[in-house]
Amino acid sequence: MTPDEYCRAKAAASGSSFYYSFLFLPPPRRRAIVALYAFCREVDDVVDEVSDPAVANTKLAWWRREIGLVFAGQPSHPVALALQPTVREFRLPEAHFQTVIDGMAMDLTQHSYLDYPALELYCHRVAGVVGLLSAEIFGYVNPATKGYARDLGIAFQLTNIIRDVGEDARRGRFYLPQDEIQRFGVTASALLRGKYSDAFRQLMRFQLERARGTYERAFAQLPAEDRKAQRAGLVMSAIYRTLLDEIAYDGFLVLDRRTSLTPLRKLWLAWRTWRSV
């Protein structure tokens with residue numbers, strides 16, 4: 001298996017909505033974004049699948065060194081090998097990759113967030129910076145596109161947080177800001193027990209509106225001349241915003257189940273959005 005084949009298998013196996021947005025890209029950009037996505041999956045899997053925080057930290061430290069070798073040496077991991085030509089061709093900064101690892105490391109030490117500014121820092125590191133890297137791969141002519149890309153990445157992460165409230169709570173992670181949980185009269189124990197209430201639905205409606213507002217803020221920053229180049233991000237947003245709509249329509253049943261779209265629906269949304277831009 002070549003490094004590119006490994007990355008494609010990693011991306012396809014995840015079943016992520018992001019994979020569908022890559023399908024319509026020209027081959028060089030598709031290879032690059034799949035390598036970036038595979039890197040994100042690798043470091044995210046460290047945090048999600050390694051139960052011992054000390055071991056997880058050791059693995060993340062290994063990835064920090066491996067990313068350094070991508071830029072100045074001979075890496076050994078197939079994802080890192082796939083990234084080497086990508087970072088050269090699209091001039092991706094090493095600091096952004098290290099910031100993503102910083103964000104993943106937060107999950108090992110921080111299990112809740114006092115307020116939204118604290119959560120936004122986490123979202124910036126694990127998703128906003130990925131948006132910036134993706135924008136470089138997709139291409140742009142107007143630097144304002146970078147603001148769009150960062151905010152779109154944060155919107156995606158806020159969507160994931162809404163979708164995974166119950167699952168994250170069972171892992172001991174509470175991403176909803178603590179001051180907002182308290183303001184709406186919801187307790188962490190209620191999240192753990194999967195207890196639905198009007199207060200919980202009001203809390204989730206508030207989270208939903210913030211996520212929608214973040215999408216709108218992102219779109220407002222996308223210059224017209226870069227819309228076509230950034231179509232892959234718009235495909236992702238069509239899928240994720242539809243997911244948000246489904247969660248709201250179902251009454252925010254996110255404590256004991258995971259709302260998802262069928263692969264066929266994702267593919268249809270991807271094709272329709274790609275054609276319309």
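Phe252 is found in the loop between helix H13 (231-249) and helix H14 (263-276). Helices here are DSSP runs of H or I with at least four residues, numbered from the N terminus. The model is predicted: local features need pLDDT of at least 70, side-chain atom pairs count only at pLDDT 80 or more, and totals for chains, interfaces and linings use all residues. Residues are numbered from 1 along each chain as its sequence is written, and side-chain values use heavy atoms, with hydrogens and water left out.

Phe252 is not a glycine, yet its phi is positive, at about 60°. Most residues other than glycine have a negative phi. Phe252 is also buried, at 3% relative accessibility. Buried means under 20% relative accessible area, exposed means over 50%, and partly exposed lies in between, for a 1.4 Å probe and protein chains only.

Arg91 also has a positive phi without being glycine, near 55°. Arg91 sits in the loop between helix H5 (78-89) and H6. Is Arg91 buried or exposed? Arg91 is exposed, with a relative accessible area of 75%.

Now the helix pairs. Two packed helices are described by the angle between their axes and the distance between the axes. Axes are lines fitted to C-alpha atoms, for helices over the stretch in contact, and angles run from 0 to 180 degrees between N-to-C directions. The axes of H3 and H6 come within 9 Å and cross at roughly 25°. H3 and H6 are therefore roughly parallel to each other. That term covers angles under 35 degrees; over 145 is roughly antiparallel, 65 to 115 roughly perpendicular, and the rest oblique. The crossing of H3 and H6 is right-handed. In a right-handed crossing the near helix is turned clockwise from the far one by less than a right angle; anticlockwise makes it left-handed.

H13 returns in another pair. Its axis and that of helix H8 (residues 145-163) come within 10 Å and cross at roughly 30°. H8 and H13 are therefore roughly parallel too. Here the crossing is left-handed.

On a 1 Å grid over the protein atoms alone, a pocket is an open set of points with protein on both sides within 12 Å along at least five of seven lines; a cavity is a set where a 1.4 Å probe fits but cannot get out; lining residues have an atom within 4 Å of a point. Grid points are joined across faces, edges and corners, and a volume is the space filled by probe spheres set on the points. The second largest pocket has a volume of about 170 Å³. Helix H3 (27-49) and helix H6 (94-109) are the elements that give two or more residues to its lining. Among the lining residues are Val47, Asp48, Asp107, Leu108 and Arg173. The lining divides into four nonpolar, two polar and four charged residues. Nonpolar means Ala, Val, Leu, Ile, Met, Phe, Trp, Tyr, Cys and Pro; charged means Asp, Glu, Lys and Arg; the others, Gly among them, are polar.

How many cavities of 30 Å³ or more are there? The count comes to two. The largest cavity has a volume of about 60 Å³. Its lining includes Ile161, Arg173 and Leu176. Helix H9 (residues 165-170) gives the largest share, three residues. Seven lining residues are nonpolar, none polar and two charged.

The second largest cavity has a volume of about 40 Å³. Ile161 and Leu176 are among its lining residues, as are Gln207 and Arg210. H8 supplies the largest share, three residues.
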